[in-house]
Amino acid sequence: MTDVNRLPVLVSLQHVSFQFANGETLLEDLNLSIDNTPTGIVGRNGRGKSILAKLLAGVLLPSSGSLKKPSSVVYVPQALTVQAGATVAHITATAPALAALERMARGEARVGDLELIDDRWDLAERLRLALDAAGLPTLSAGTRADQLSGGQLARVALIGALLAAPQLLIVDEPSNHLDSAGRAWLLRVLGDWRGGLVVVSHDRQLLNAMGRIIELSPLGVQVYGGNYDAYHQQRETQQQAAIAAWEHARQTRSRERRRLQKDHDSLQRNAARSRKNAETANVDRFTKARWKGAATEIVSTVRSAHHAHKNQLDDQVRQAYEHVVDETPTLLALPGSTVPNGRQVLTLEGAQLPWLDALAPSSYLTINLAGPVRVAVRGPNGCGKSTLLKLLAGQWQVVSGECQVAVSSAYLDQHLALLDDRRCIIEQLNLLDTPLAEAELRTRLALLQLDALRVTQPVAQLSGGERLKAAMAIALWRATPAQLLLLDEPTNHLDLESVLAFEQALKGFGGAMLAVSHDEAFLEAIEPTHHLTWHSAGWQLEHA
């Protein structure tokens with residue numbers, strides 16, 4: 001992907017603002033142009049990255065302002081909804097055309113089939129080739145979508161977008177569920193893409209393949225030329241300059257305050273001397289009063305001028321600080337659960353995972369875990385990592401064998417299914433009989449940067465990162481705190497700063513955990529005691 005100068009504008013936003021139905025403004029007076037330069041959108045959770053992507057795609061309409069976009073845009077969201085009975089053909093939006101092609105082949109064409117097919121007579125072959133290239137040779141157009149892993153589903157959705165060949169492709173966190181092979185494929189296909197491209201991501205490797213970075217921050221929308229590393233360097237330079245300007249303003253204020261205090265003390269002494277001289281002067285009492293009044297008036301005038309100057313200095317410090325972006329993430333408060341040494345946590349004895357090949361050795365697990373263990377679970381997309389966590393969470397049952405979990409658990413799946421999008425966080429916690437009073441809940445949620453407005457909104461209105469925080473709160477602050485955390489790609493919806501904070505919080509958790517992730521840095525950061533790794537010959541559990 002290379003930056004191309006002076007390309008025609010694909011999307012133009014003029015004075016665009018976006019408000020939620022409750023009146024909260026997320027984006028205001030935004031002016032932005034998008035051309036064919038591959039563009040990454042970055043920013044902390046809740047800043048409006050996904051909202052901006054949806055505006056660019058036409059999925060959402062601005063509350064005010066004007067937006068012009070090309071006639072063909074495809075948007076791939078970070079959270080994919082799978083309808084009952086959906087297949088790979090439905091996810092790729094090729095089902096109608098493929099059905100028309102099949103009818104044509106059988107000689108049973110209907111009115112409108114030619115329009116559905118258009119010039120895509122080789123669509124079935126292209127879909128097959130795309131699935132093979134994406135490392136999905138076992139999938140077909142008829143494969144049920146509910147049998148796909150998160151990584152497989154992400155690849156299938158992007159394949160559909162690429163087959164549509166739009167003028168502008170917009171993808172939201174496309175690497176979230178991908179393993180290393182999937183990420184390599186993603187970089188390759190996006191590198192070969194010749195249309196317009198906008199990527200919302202916190203994946204530094206992917207962002208380094210961009211030619212422009214758009215940052216959403218408290219300062220508004222900032223546009224940086226170059227890839228992520230260039231953006232980061234420019235941003236650091238700007239931040240250092242802003243901090244230096246703020247420090248200079250503070251030093252100037254401190255110096256001026258000392259000077260003003262010295263001038264004030266000197267003026268007070270002179271005024272007192274003038275009043276004393278007026279009192280002893282050989283003049284009439286009216287002149288004495290006038291001289292005393294003049295001295296007092298001078299003091300009052302200078303004091304007012306000093307006060308105005310101090311306010312001006314304070315304003316200069318505040319204005320300088322406004323350019324300092326302080327977004328230090330708040331650590332996630334986990335419950336004080338502990339698992340004593342030797343306490344049984346879980347047992348899998350010849351447990352056969354559902355949906356997998358019953359003849360494959362890797363479909364069976366035998367493991368026994370006790371104490372405050374931390375297990376890093378690794379394996380390619382589709383090998384059964386998420387299936388394993390769902391078994392341990394009690395959502396699915398083993399086909400054969402034994403699966404027992406001896407402690408209370410909390411499961412956060414890739415799609416945050418425990419959230420009810422129609423309800424707010426407070427309501428859901430109360431329905432789960434949380435032992436915390438509402439005031440305490442609100443205080444804890446505020447520490448997670450979920451303010452009074454967000455905790456009373458339906459969670460469907462929250463950003464991806466805010467939804468994860470809501471899910472963590474719901475999972476951990478219910479009636480029975482979890483002693484076992486089952487984490488399925490937990491960092492997928494977090495910005496880079498929040499990932500670091502989440503890692504620090506997990507280090508302090510005294511219970512047990514199984515973490516599935518393709519983020520090697522995250523898995524190492526939680527300091528695992530064991531590694532559970534998938535091999536075609538079977539799962540292997542090893543001490544770290």
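## Asp203, tucked into a loop

Asp203 is buried, with a relative accessible area of 11%. Keep in mind that this is a predicted model. As for where Asp203 sits, look at the loop between β7 (196–200) and α8 (204–207).

What does the side chain of Asp203 make a polar contact with? The partner is the side chain of Arg183, at 3.3 Å. If you leave out residues up to four places away in sequence, Asp203 touches Ser175 and Arg183. Arg183 therefore turns up both as a polar partner and in the contact list of this buried residue.

Now for β15, which covers residues 484–488. Five of its five residues are buried, so the rest of the structure largely encloses this strand. Pointing one way from β15 you'll find Leu484, Leu486 and Asp488. Leu485 and Leu487 point the other way. Whichever way they point, all of them are buried.

## The neighbours of β15

β15 has a parallel partner in β14 (residues 409–412), and four bridges join the two. If you want a spot to look at in that pairing, Leu412 stands opposite Leu487 in β15.

β15 also pairs with β16 (residues 512–516): here there are five bridges, and the strands again run parallel. Leu487 is a handy landmark in this pairing too, with Ala515 as its bridge partner in β16. To get from β15 to β16, the chain goes through helix α15 (residues 496–507), and this β-α-β crossover is right-handed.

## Cysteines without a bond

How many disulfides does a search of the whole structure find? The count is zero. A disulfide is a covalent bond between the sulfur atoms of two cysteines, and the cut-off used for calling one is 2.5 Å between the sulfurs.

Cys403 is partly exposed, at 26%.

Methods. Residues numbered from 1 in each chain as written. Predicted model: local features only at pLDDT ≥ 70, side-chain atom pairs only at ≥ 80, totals over all residues. Heavy atoms only, no water. Buried < 20%, exposed > 50% of the residue type's maximum accessible area, 1.4 Å probe, protein only. Pairing = 2+ DSSP bridges. Right-handed = clockwise from strand over helix to strand, strands pointing away. Polar contact = N/O pair within 3.5 Å; in protein donor to acceptor, adjacent residues only side chain to side chain. Contact = heavy atoms within 4.5 Å.
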